[in-house]
Amino acid sequence: MTTPAEVSPKPLAAAAQPVKFVIVGAGGYVVNLAVFAALHAVGVTYIANSFISYFIANALMYLGNRYFTFGLGHAGFWNAYLRYMIVGIVVAGLNAGILAALVQGTGIDSRIGVAISLLLITPVAFVLFKRWTFRIKPA
């Protein structure tokens with residue numbers, strides 16, 4: 001028996017998913033940057049800060065992506081959340097690596113670096129979250 005997440009979305013709904021993902025991501029981006037700035041102000045190192053701020057925003061984005069972007073119900077919530085957190089660890093690691101390269105390689109301020117690194121990882125995150133976390137098959 002297939003679950004709603006395993007069913008291919010209708011073409012129009014599938015076309016809207018990247019837009020919805022960006023809307024949810026924009027909200028998460030703002031939360032991430034706000035938390036990063038607050039932690040930076042109290043002296044948290046930028047690498048630790050990137051992980052903390054990412055996972056706070058990531059938890060909120062899970063809800064937005066599950067219900068708004070992909071239109072999934074409550075069935076399988078915790079299993080998908082576990083997959084979401086695993087992908088989140090990969091994405092947070094990529095984010096920290098890019099951030100470190102920007103800060104150490106160019107001398108850029110970490111607050112600007114995190115804004116850039118988050119934008120660079122968005123396409124990778126979309127594919128991983130859609131295909132593995134929510135297990136939505138291509139049309």
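Trainee: Is tryptophan 78 buried or exposed?

Mentor: Tryptophan 78 is exposed, because its relative accessible area is 63% and the cut-off for exposed is over 50%. Keep in mind that this is a predicted model.

Trainee: Which aromatic pair does tryptophan 78 form with tyrosine 81?

Mentor: The general idea comes before the case. A pair of aromatic rings is described by the distance of the centres and the angle of the planes. Tryptophan 78 and tyrosine 81 are 5.9 Å apart centre to centre, with 90 degrees between the planes, and the pair is edge-to-face.

Trainee: How are tryptophan 78 and tyrosine 81 placed in helix H3?

Mentor: Helix H3 covers residues 77-106, and the two are 3 residues apart in it, so about one helical turn separates them. Tyrosine 81 counts as partly exposed, because its relative accessibility is 21% and buried would require under 20%.

Trainee: How many aromatic pairs does a search of the whole structure find?

Mentor: The search finds 9 aromatic pairs. One of them joins phenylalanine 77 and tryptophan 78: the ring centres lie 4.9 Å apart and the planes stand at 80 degrees, so this pair is edge-to-face. Phenylalanine 77 is buried, with a relative accessible area of 17%, whereas tryptophan 78 is exposed at 63%.

Trainee: Which residues form one aromatic cluster?

Mentor: The cluster consists of Tyr62, Tyr67, Phe77, Trp78, Tyr81 and Tyr84.

Trainee: Where does lysine 20 lie relative to phenylalanine 68?

Mentor: Lysine 20 lies over the face of the phenylalanine 68 ring, 5.2 Å from the ring centre.

Trainee: Now to helix H4. Is serine 117 buried or exposed?

Mentor: Serine 117 has a relative accessible area of 0%, so this residue is buried. Serine 117 is placed in helix H4, residues 110-133. Leaving aside residues up to four places away in sequence, serine 117 touches Asn95, Ile98, Leu99 and Leu102.

Trainee: What does histidine 40 touch, not counting residues up to four places away in sequence?

Mentor: With those residues set aside, histidine 40 touches Asn49, Ser110 and Arg111. The place of histidine 40 is in helix H1, residues 11-41. Histidine 40 has a relative accessible area of 29%, so this residue is partly exposed.

Trainee: How far apart are histidine 40 and serine 50 in sequence and in space?

Mentor: Histidine 40 and serine 50 are separated by 10 residues in sequence and by 9.8 Å in space, taken from C-alpha to C-alpha.

Technical notes. Residues are numbered from 1 along each chain as its sequence is written. This is a predicted model: local features need pLDDT of at least 70, side-chain atom pairs count only at pLDDT 80 or more; totals for chains, interfaces and linings use all residues. Side-chain values use heavy atoms; hydrogens and water are left out. Helices (H or I, at least four residues) and strands (E, at least two) are DSSP runs, numbered from the N terminus. Buried means under 20% relative accessible area, exposed over 50%, partly exposed in between (1.4 Å probe, protein chains only). Contact means heavy atoms within 4.5 Å. Rings of Phe, Tyr and Trp (its six-membered ring) pair if their centres lie within 6.5 Å; planes under 30 degrees apart count as stacked, over 60 as edge-to-face and the rest as tilted. A charge sits over a ring if NZ of Lys or CZ of Arg is within 6 Å of the ring centre and within 35 degrees of the ring normal.
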